[in-house]
Amino acid sequence: MNYIKNEYKSAIVTGSSKGIGLAICELLLKEGFKVVGWSRSGSELKHDNYFDISCDMSDRKRVEKAYAKSTELLGEAAAVLINNAGFGLAGKVEEMEVSDWENMFAVNVHGLFYSSRLAVPDMKKRGFGHIINISSIAGTTGIEQMSAYVGTKHAVRGISHSWYKELRQDGIKVSCVYPGSVNTNFFDEIAAVTANENMMRAEDIAESVWHCLNTHENYHVVDIEVRPLRPKGK
Ligand SMILES: NC(=O)c1ccc[n+]([C@@H]2O[C@H](COP(=O)([O-])OP(=O)(O)OC[C@H]3O[C@@H](n4cnc5c(N)ncnc54)[C@H](OP(=O)(O)O)[C@@H]3O)[C@@H](O)[C@H]2O)c1
């Protein structure tokens, strides 16, 4: 049985050009949503209910423009916001470029705040909204030479937990997803790891997002951690 009502089927997905974000867009479209995807490079996705917007999440002004344009394209404020855009770079603490450190926080943490601070007032007016933040298992533990990324994903976890407590009385759900390794372009910039088939599939993360979304109105998935069963293969 579907719990999510038809009037809630409008979504913004950040980081929609590839990987997990693209898989989430595809699944939401299949479920009858209107979807606006934000990214810098743009998505090749073609669908009557899909709209693509160029946006760098680290730039607050561009996020504000993207949000206003999304409302116009959807014909209403989005009921669902998936904060998925993000990236990770590896490096020893004394070797990490300051600009890389700052950019990771700008996209993974500040960007998620820029979009959510715009969506929340509209969600409050509607009396329904769902924000889903994509953290990582890097948001639950330390990983050597990944301190910046780990720091951003711990921040996403703490922010998500604070927001769900702050917003639940307004009918707004906030869920946080913690994937282990997923076979996407995420690892292109990380020399020590090569994406491979033993990692999870992006479409399975999208199914977990759908599981968070498609619940009874009084059922709130706060955290969901997912990992590959056999990360080293059979
Ligand atoms: N893959 C994994 O193992 C894994 C595990 C746990 C969590 N995650 C998280 O899952 C999310 C998606 O990652 P993925 O695995 O799908 O990686 P991906 O294939 O590299 O996709 C990353 C997405 O984020 C977008 N993005 C990056 N920087 C951006 C910026 N400044 N402004 C707007 N969009 C930006 C990219 O679009 P453009 O480059 O076109 O801007 C792309 O659409 C990230 O938050 C990541 O931290 C991934």
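Reply: R230 lies in the segment after strand 7 (223–226); helices (H or I, at least four residues) and strands (E, at least two) are DSSP runs, numbered from the N terminus. R230 counts as exposed because it has 7 C-beta neighbours inside 10 Å. By the criterion used, a residue is buried if 20 or more other C-beta atoms lie within 10 Å of its own, exposed if 12 or fewer, and partly exposed in between, with C-beta atoms placed from the backbone.

The model is a predicted one, in which local features need pLDDT of at least 70 and side-chain atom pairs count only at pLDDT 80 or more, while totals for chains, interfaces and linings use all residues. Residue numbers start from 1 along each chain as its sequence is written.

G127 is another exposed position, with 9 other C-beta atoms within 10 Å. It sits in the loop between helix 3 and strand 5. G127 and Q169 are 42 residues apart in sequence, and their C-alpha atoms are 9.3 Å apart in space. Q145 belongs to the loop between strand 5 (129–134) and helix 4 (147–167). With 16 other C-beta atoms within 10 Å, Q145 is partly exposed. The phi angle of Q145 is near 65°, a positive value in a residue other than glycine.

Two buried positions follow. I172 is placed in strand 6 (residues 172–179) and is buried, since 24 other C-beta atoms lie within 10 Å. Apart from neighbours within four places in sequence, I172 is in contact with V120, M123, K124, G129, I131 and L167; a contact requires the C-beta atoms of two residues, placed from the backbone, to lie within 7 Å. The C-alpha atoms of I172 and G32, 140 residues apart along the chain, are separated by 21 Å. T184 lies in the loop between strand 6 and helix 5 (202–213), and it is buried with 20 other C-beta atoms within 10 Å. Setting aside neighbours within four places in sequence, T184 is in contact with K18, G19, I20, A195 and A202. T184 and N103 are 81 residues apart in sequence and 20 Å apart in space, C-alpha to C-alpha.

Two packed helices are described by the angle between their axes and the distance between the axes. Helix 2 (residues 60–74) and helix 3 (residues 98–126) pack at about 35°, with axes 10 Å apart. Axes are lines fitted to C-alpha atoms, for helices over the stretch in contact, and angles run from 0 to 180 degrees between N-to-C directions. In this pair, R60, V63, E64 and Y67 of helix 2 meet G111, Y114, S115 and L118 of helix 3. That contact has 4 nonpolar, 2 polar and 2 charged residues.

As for the whole, the protein chain has 5 helices and 7 strands, in the order β-α-β-β-α-β-α-β-α-β-α-β from the N terminus on. Of its 234 residues, 42% count as buried. Among contacts with a separation of 6 or more, 64% join residues 24 or more positions apart. The C-alpha atoms fill a box of roughly 50 × 40 × 35 Å, taken along the principal axes. With 234 residues, a compact globule would have a radius of gyration near 17 Å, and the 17 Å of the protein chain agrees; the radius is taken over C-alpha atoms, and the globule rule is 2.2 Å times the number of residues to the power 0.38.

Notes:
Ala, Val, Leu, Ile, Met, Phe, Trp, Tyr, Cys and Pro count as nonpolar, Asp, Glu, Lys and Arg as charged, and the others, Gly among them, as polar.
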